[in-house]
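Visitor: Please show me the structure, and then let us discuss it step by step.

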Amino acid sequence: FSEGYSAKQLSFKEIKSLLNDTEAVVEIVHVKKYDQNFTKESKYAALILTKTSDVPKLVLLENGQQLDTRYSKFYRNAIQQRVADEYSYDQYWSPIEPELAGKKMIYISPDGTYCQMNLNTLKKPDADYVINRYDIVIIGNSKDLIALKAKKPKAVKKSATLLGFPDYGPGNVAVLPGTKIELDGISKVLKTSGYQVKQYMQKTATEANLKSTKSPTLMHIATHGYFLQDVEETGTAFGISLENANDNPLLRSGLMLAGAGATVSGQRMPNLESNDNGILTAYEAMNLDLEGTDLIILSACETGLGDVKAGEGVYGLQRAFLVAGADALIMSLWKVDDAATQQLMTNFYAQWLKLGDKQKAFKQAQLQLMAKYKEPYYWGAFVMMGM
């Protein structure tokens, strides 16, 4: 019993032994300067491991504070405005790249502001996007590679739970009609492939229905996500006491489901014990039963955004769903146009059902979308974590 709870010490040698000649692992660590308290000054350390490394190679990015603020804003603005981004590649990827010569598959564990961007959308000036040059796999931590490499193909039970287009009820939460079209389209594709599909929409797209779902092969959730920045003040937001939320980043992100309007507008008193206040926090998502779930798709506005926190990495919804047992997660980092989202999802499902490989299918779907919409705003909004 005690062995089950003792943290096993892993060395980089175990991870190195799993790599082949064309693979590398990049662990990014956000380090804040400490002077009696954590200050705003920070650095990023990238630890790069290949099959031939004696020890992990350290690349230090000294300008962490600028990467977290000025350059991060520039990246997001360039994406949103759909303008050429001549700077982000040099700032975020160029210092690391020389250590990846001859590598094709890069397993990357991001931290800080790296969790809020899609590295595939970075473009080398006068050359190609990262997506055309590497296969990037996002992992929570380098040690996840041990489980990924040990994964055996399993017989797929074809069950899917689709939840979206919730009836938010009274309040000022905008309805998302595009999510109904998205779910209906996916449902059709899955049923054609022999999936048993449970679909919850409008009044049935509730927190209670989501919590009672047990380990479907696939779960697709299409609704609003939310994220609260660091909060200092008292009161409530999204049905959460702000004092509690300030102490726990897992209470600062979540999904809005049926009936969320009353909680968001403050008409319903917050209650963390409530099974159905219309808000599923990341904290609650962590306790879902998703053992054996192959893939979760969060097709929601800003679901991937987490919080730049010293040492804690980003506690967005992403980690919560993986902790709950899901093998992989696809989610959006910014709100993207409905037509592009629907097309990406339809392409992805078609490729996945054909290839049986999520990672390849996802990249294929992005490249197909890229052929139609050149700007990363459209094809780069979604990222995949896990395999």
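**Selected local features**

Guide: Q202 has a relative accessibility of 38% and therefore counts as partly exposed (buried is under 20% relative accessible area, exposed over 50%, partly exposed in between, with a 1.4 Å probe and protein chains only). This is a predicted model, in which local features need pLDDT of at least 70, side-chain atom pairs count only at pLDDT 80 or more, and totals for chains, interfaces and linings use all residues. Residues are numbered from 1 along each chain as its sequence is written, and side-chain values use heavy atoms, without hydrogens and water.

Visitor: In which strand does Q202 lie?

Guide: Although Q202 is not a glycine, its phi is positive, at about 55°. Most residues other than glycine have a negative phi. Strands are DSSP runs of E with at least two residues, and helices are runs of H or I with at least four, numbered from the N terminus. The strand that holds Q202 is β7 (residues 196-202).

Visitor: Does F165 count as buried or exposed?

Guide: F165 lies in strand β6 (residues 159-166). F165 also has a positive phi, of about 45°, without being a glycine. Its relative accessibility is 12%, so F165 counts as buried.

Visitor: At roughly what angle do the axes of helix α7 and helix α13 cross?

Guide: The axes are lines fitted to C-alpha atoms over the stretch in contact, with angles from 0 to 180 degrees between N-to-C directions. Helices α7 and α13 are roughly parallel to each other, a term for angles under 35 degrees. The axes of α7 (residues 177-192) and α13 (residues 338-355) come within 10 Å, and they cross at roughly 15°.

How values were computed. Parallel < 35°, antiparallel > 145°, perpendicular 65-115°, else oblique.
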